[in-house]
Amino acid sequence: MSERVLFVDDEPNVLDAIQRTLRKQVDIKTATSGADGLRQLREAGPFALVVSDMRMPTMNGAQFLAKVREQEPDTVRMILSGQADLQATIAAVNEGHIYRFLSKPCPPEQLLAAVEDGLKQHRLLTAEKVLLEQTL
């Protein structure tokens, strides 16, 4: 479990449930706001995968993931949201360059599979980058 995942959601109960569901399979850190997530990224990063809620006060998921992309471009980004309209989804894809968009409630098996896919994607990106650096 060397690859770490950061979950960001303004609802602590949601984060607690995710932690209980995935803690045996994934190294998880949590944050309760976009600002807290960016702080975690700076202080405890890097993270292979960041999963964010879409609707949060002050900074929404698309804005947060866009900032994650600026700070850590190799981090894979996902949205896990219960309230997403078409414009919010488009913003998340275009601004945050997300890998996957999941809807709440998300069954534990589906969430674990998505996290595993995100970690595989991170491994592919990292391997490709190393290969290119070695080639050049």
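**Close-up 1. Helices H2 and H3 side by side.** In this predicted model, helix H2 (residues 34-44) and helix H3 (residues 61-71) have axes that come within 10 Å and cross at roughly 15°. That makes H2 roughly parallel to H3, a label given to angles under 35 degrees, while over 145 counts as roughly antiparallel, 65 to 115 as roughly perpendicular and the rest as oblique. The axes are lines fitted to C-alpha atoms, for helices over the stretch in contact, and the angles run from 0 to 180 degrees between N-to-C directions. Helices (H or I, at least four residues) and strands (E, at least two) are DSSP runs, numbered from the N terminus. The crossing of H2 and H3 is right-handed, as the near helix is turned clockwise from the far one by less than a right angle. On the H2 side, look for Gly34, Gly37, Leu38, Leu41 and Arg42; these meet Phe64, Lys67, Val68 and Gln71 of H3, where contact means heavy atoms within 4.5 Å. By class, this H2 and H3 contact has 4 nonpolar, 3 polar and 2 charged residues. Here Ala, Val, Leu, Ile, Met, Phe, Trp, Tyr, Cys and Pro count as nonpolar, Asp, Glu, Lys and Arg as charged, and the others, Gly among them, as polar.

A word on the conventions: residues are numbered from 1 along each chain as its sequence is written, and side-chain values use heavy atoms, with hydrogens and water left out. Since this is a predicted model, local features need pLDDT of at least 70 and side-chain atom pairs count only at pLDDT 80 or more, whereas totals for chains, interfaces and linings use all residues.

**Close-up 2. Helices H1 and H5 packed at an angle.** The axes of H1 and H5 lie 11 Å apart, at an angle of about 75°. H1 and H5 are therefore roughly perpendicular to each other. From H1, the residues Ile18, Thr21 and Leu22 meet Pro108, Leu111, Leu112 and Val115 in H5. Sorted by class, the contact of H1 with H5 holds 6 nonpolar, 1 polar and no charged residues.

**Close-up 3. The largest pocket.** On a 1 Å grid over the protein atoms alone, a pocket is an open set of points with protein on both sides within 12 Å along at least five of seven lines, a cavity is a set where a 1.4 Å probe fits but cannot get out, and lining residues have an atom within 4 Å of a point. Grid points are joined across faces, edges and corners, and a volume is the space filled by probe spheres set on the points. The pocket lining consists of Val14, Ala17, Ile18, Thr21, Leu80, Lys104, Pro105, Cys106, Pro108 and Leu111. Two or more of these come from each of H1 and helix H5 (108-135), and H1 gives the largest share, 4 residues.

**Close-up 4. The cavity.** The structure holds 1 cavity of 30 Å³ or more. Around the largest cavity sit Phe7, Val8, Asp9, Val14, Ile18, Val51, Ser52, Asp53 and Leu80. Strand E1 (4-8), helix H1 (12-22) and strand E3 (49-52) each supply at least two of the lining residues.

**Close-up 5. Backbone details in three loops.** The peptide bond from glycine 45 to proline 46 is cis, with omega near 5°; proline 46 is in the loop between H2 and E3. Another cis bond runs from lysine 104 to proline 105, with omega near -10°, and proline 105 belongs to the loop between strand E5 (100-103) and H5. Threonine 58 has a positive phi of about 70° although it is not a glycine, and lies in the loop between E3 and H3.
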